[in-house]
Amino acid sequence: MTATIDFDAPASPSASVAADGSLRRIVRGVPWPLLAAVALFFVAGAIGLVFLVAPDLKPLVFKQSLMRAFSAPLSRGGFLGADQLGRPLEWRLLAGLGISLGAAAAVTLIASVLGLAMGLLGGFFGLTADRLVTVVIDLTWAYPTILLAVVIAGILGPGVWTVIWALGLTLWAALARIVRAQVLVLREQDFVLAAQALGYSRFYIATRHLIPNLMPIVILMATLFVALTIIAEAGLSFIGLGAQSPTPSLGKTLAEGFSFASSSIWPLVFGALTMISLVIVLNAFGDRVRDILDPKGRVPLPGRRLRDAARRAEAALPARAVDRDAVIAVDDVSVAIHGRRGATTAVSDLSLTLRPGQTLGIVGESGSGKSLSARAITGLLPEGLSLSGGRVFWDGVDIAGLPAEKLRDRRGRFVAMVFQDARASLDPLYTIGEQVSESLAAHFPGPRRSFRPKVLEMLARVGLSDPEIFYDRYPHQLSGGQLQRAALAGVLVLEPRVLIADEPTTGLDATTQKKIVALVKALQREMNMSVIWISHDLDLVGEIADEIVVAYAGQPVEIGTVEEVLKRPAHPYTLGLLESRPQATMAPKSPLRSVGGTVPDPGDWPPACRFAPRCRRALAICGTTPPPMELFDEGSGRRLRCYNPEPGAAEAGA
Amino acid sequence: MSRGDVLLSVEHLSKTYRGQGGRPAHKALDDVSLELRASETLGIVGESGSGKSTLARVLVRLTGADSGRADYCGVDLLRARGADALFLTRQIQIVFQDPNSSMNPRRTIRQALLEAARVAEHPPADIQGSLARMMEAVGLSREKLDAYPHQLSGGQRQRVAIARALAVSPRVVVADECVSALDVSVQSSILNLMLERQRELGLAYVFISHDLSVVHHMSDRMIVMRSGRIVEAGNPSEIMRNPQDPYTRELIASVPGSGFRAA
Ligand SMILES: Nc1ncnc2c1ncn2[C@@H]1O[C@H](COP(=O)(O)OP(=O)(O)OP(=O)(O)O)[C@@H](O)[C@H]1O
Ligand code: SF4
Ligand SMILES: [Mg+2]
């Protein structure tokens, strides 16, 4: 769940859809042809249910013609022809559809209720219940549906109800397993704990908190059950355990169509077509309903249309002078997100240079575009995002000019990345040694074995002492700090020129964090590497960086040496971030300064200075004309995007 | 009861998690003793796995202990049932770390707050009006009552979590890493909010964090935990100035930024 992007957009339309979850709202989200098909199937299903549940009502509910479709032979066929009993085929198919859907509804009801109840019982009502439930699930899982069908047929006699009970009493186990697994995760979520801390009963929590969160999976499984029933009914009817003539279920239609195929092929063809379209429509509908019931709505699938146009327009501009000695030079780069409503800029005006051996820190609040800036530099933007302007040079070479294959090969050896979640960047199924070897194998020829000495050396260098042991360890056997060391080994073994570290110590303990910082510093010196260190913690960046880029709303707002930026912050945002942290010199429990407000999302940026709505020093011009990035301090080369810098900085800079 | 009276006293508390699936048993709490007085903040600092969260969970009775005593105003916290349990629920509430998981994604803020307000001893007569006041007290507009958690920012969600804890009118709030997942700027506004509420309502906090600077700023008294044990306890400034335990010294040395801050 954390891997998806949180579109913090207020009141997205699909979210309000979920707000009352009424049928009308659900229906609005679905294209009409699908809706028409579903409506048809629902009507047919309702008819089928009546037929199944209350056979005595049949004559009252159905017209003569439909009645005949269920039982009595007719002399002539319909426009699709007749079956072997002389019933019109189209009526028979409709009736069959009804019976199949009715049976599917019954099976789904039985299996869903049973599966949900058993899964909850196992996952949320104590150990004894769980042991019992697990045994029952395993037993159910072990015996085949068909065996149960034979037993039930022995009791009830073959027929549609035999199919229903045989499926209903086996399929639930699949749902129960999934529900139990999900409950085990959900019950550790803070909102469930919070309800428990409020003293609510397990039953209350199960119904109010767990079940709503389990509905997507129940609905998904239910659509699966429906499709399975329709197919299984056909199978069981075929071997004589299901519907008996003259009950015109779809399965029976197929079975009979098969037996009488020599006289007419059409019952078989139309029967199969009906069944296939039914299954397809149900699947599509189930997906839609599940999406619409999710308050987070669907993450729009971004297209790539606009990317190339923007890129071509950019290429027409003359290149500006960039520092071609830099390891990395970024010139006026912007990044666009391609969504349903066109492109939105997420990063803009990004220009910076990284020299050999230098460390550049990028800081800013969450959502200020730090990670996207870094990814633009590696030429590796996530799906749906693209470079919409500017150039990136690696060792003076514009990476836009490199063919994709070449870029990929160069990337691993030129720029490496490590992330906050080291566990996620390692494959749980391979040992640490195997994964570090894999990095080498992607770029160098030779059998994996031959890399072993080099890998062991690298593991030792990142401080995993006893590399022979760590070589054979799996990621889950490592602590957070060790995982980050392993991730570093995996990328540094290629001896890249640049390491991009995207919050690699966030979430680690202070003492572990300090050790990782020291390790990166040491390796940087040894390998003469440049480092880009991303963090939301100015103090931490102050420890490791030579130069700091303060980013706000997708834009650098202050770039300068660590000394200048942290001791004499010039941008009101930089000062705000610095003042937010409690200091040992402050009186305990005194109020902290705080910037107030939040970073606006891409698309909601204020027109001129993007920081203006939160800025204490805003002037009239800040709301009308975007401030340019200008040299602020000749001596240190600090650059600033602000009309009204903090006075403390100006005095010192002069 | 006035400021300074002992509300909560914990003596020789121990808890071991049984090893599962081949993992060794883990001693999460090892002979922990502490006291919480009315209207004060007891800060607890320590790295992950040091037993801080287990302690928090014991205090709000989400989990039990193996041995030791925990006592709130004469009520045995480890064995409370029925009316006693309800009393404790109303007196001690908790705010969790992760703003993403502390709210049920399928229920509105209004539903979440109502659920808490109903537990209070004297639920307000005008409950809808009081929900609006609760929102304002944590700096949110009443329009947000009908929002879903995903429509709020992390900081806003954490404000709601605080409002939910306060809706029961507790005397003690256990805050388990409640600002650790937030940006520094949001962090400071949440800390300010907590300080304000404390001054106004006379709350006592058990403030748990791995962030030494934050714990130091928030606490009247401070405890340093490691591997389930208390290694140091006392006045926060005193501990910072003159740490006794080697681990505390290491922790203080690990706080980044000491070099650049003007002293
Ligand atoms: N793949 C994506 N698709 C759409 N929008 C995205 C994508 N990745 C990031 N964004 C948006 O771009 C903006 C900048 O995101 P980015 O991840 O660069 O921020 P950040 O500064 O790294 O934040 P954090 O500190 O939380 O890591 C955010 O508003 C984010 O929602
Ligand atoms: S340009 Fe104006 S609004 Fe923007 S940061 Fe500077 S003073 Fe504040
Ligand atoms: Mg990021």
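How many residues does the hairpin use to join strand 1 of chain A to strand 2 of chain A? The hairpin joins these strands through two residues. The model is predicted. Chain A contains 26 helices and 12 strands, and buried residues account for 50% of its 654 residues.

- Of the contacts in chain A with a separation of 6 or more, 67% are between residues 24 or more positions apart.
- Strand 1 (residues 328-339) and strand 2 (residues 342-354) of chain A run antiparallel and are joined by nine bridges.
- Within this pairing, G339(A) of chain A stands opposite G342(A) in strand 2.

**Chain A: helix 8**

- Helix 8 of chain A covers residues 145-156, and its 12 residues should span 16 Å at 1.5 Å a residue. The end C-alpha atoms are 16 Å apart, which agrees with that expectation.
- L148(A), A149(A), I152(A) and A153(A) are the buried residues of helix 8 of chain A. Seen down the helix axis, the buried residues of helix 8 of chain A fall within an arc of 140°, so they line one face of the helix.
- In an α-helix there are 3.6 residues a turn, so residues three or four places apart point the same way.
- The buried residues of helix 8 of chain A pack against helix 9 (160-186) and helix 11 (202-238) of chain A.
- L147(A), V151(A) and G154(A) are exposed on the other side of helix 8 of chain A.

- I99(A) lies in helix 6 of chain A, residues 89-124. I99(A) is buried because its relative accessible area is 1%, and the limit for buried is under 20%.
- Between I99(A) and L184(A) there are 85 residues in sequence and 38 Å in space, C-alpha to C-alpha.
- Helix 22 of chain A (residues 510-527) has 18 residues. From its first C-alpha to its last, helix 22 of chain A reaches 26 Å, close to the 26 Å expected at 1.5 Å a residue.
- The buried residues in helix 22 of chain A include A510(A), T511(A), Q513(A), I516(A) and V517(A). L519(A), V520(A), L523(A), Q524(A) and M527(A) are also buried in helix 22 of chain A.
- N528(A) follows helix 22 of chain A and has a positive phi, near 50°.

**Ligand 2**

- Which residues surround ligand 2? They are H571(A), P572(A), C609(A), F611(A), A612(A), C615(A), R617(A), A618(A), C622(A), C642(A), Y643(A) and N644(A).
- The shell around ligand 2 consists of nine nonpolar residues, two polar residues and one charged residue.

**Chain B: antiparallel sheet**

- Four strands of chain B form an open sheet in the order 2-1-4-5, with antiparallel pairing. Strand 2 (26-37) and strand 5 (75-76) of chain B are the edge strands, each pairing on one side only.
- Five bridges connect strand 1 (residues 6-17) and strand 4 (residues 67-72) of chain B, which pair in the antiparallel sense.
- S14(B) has S67(B), in strand 4 of chain B, as its bridge partner.

- Strand 7 of chain B (residues 172-176) is mostly covered, with five of its five residues buried.
- Both faces of strand 7 of chain B are covered. V172(B), V174(B) and D176(B) are buried on one side, and V173(B) and A175(B) are buried on the other.
- Strand 6 (residues 92-95) of chain B pairs with strand 7 of chain B in the parallel sense over four bridges. In this pairing, I94(B) stands opposite V174(B).
- Strand 7 and strand 8 (residues 204-209) of chain B run parallel and are joined by five bridges. A175(B) stands opposite F207(B) in strand 8 of chain B.

- D466(A), a residue other than glycine, has a positive phi near 70°. D466(A) lies in the loop between helix 19 (452-461) and helix 20 (467-471) of chain A.
- R61(B) is not a glycine but has a positive phi of about 60°. R61(B) lies in the loop between helix 1 (52-59) and strand 4 of chain B.
- R61(B) is partly exposed, with a relative accessible area of 27%.

Key
Residues numbered from 1 in each chain as written. Chains lettered and ligands numbered in written order. Predicted model: local features only at pLDDT ≥ 70, side-chain atom pairs only at ≥ 80, totals over all residues. Heavy atoms only, no water. Expected span 1.5 Å × (residues − 1). Buried < 20%, exposed > 50% of the residue type's maximum accessible area, 1.4 Å probe, protein only. Arc of directions from axis to C-beta. Contact = heavy atoms within 4.5 Å. Near = heavy atom within 4 Å. Nonpolar A, V, L, I, M, F, W, Y, C, P; charged D, E, K, R; others polar. Pairing = 2+ DSSP bridges.
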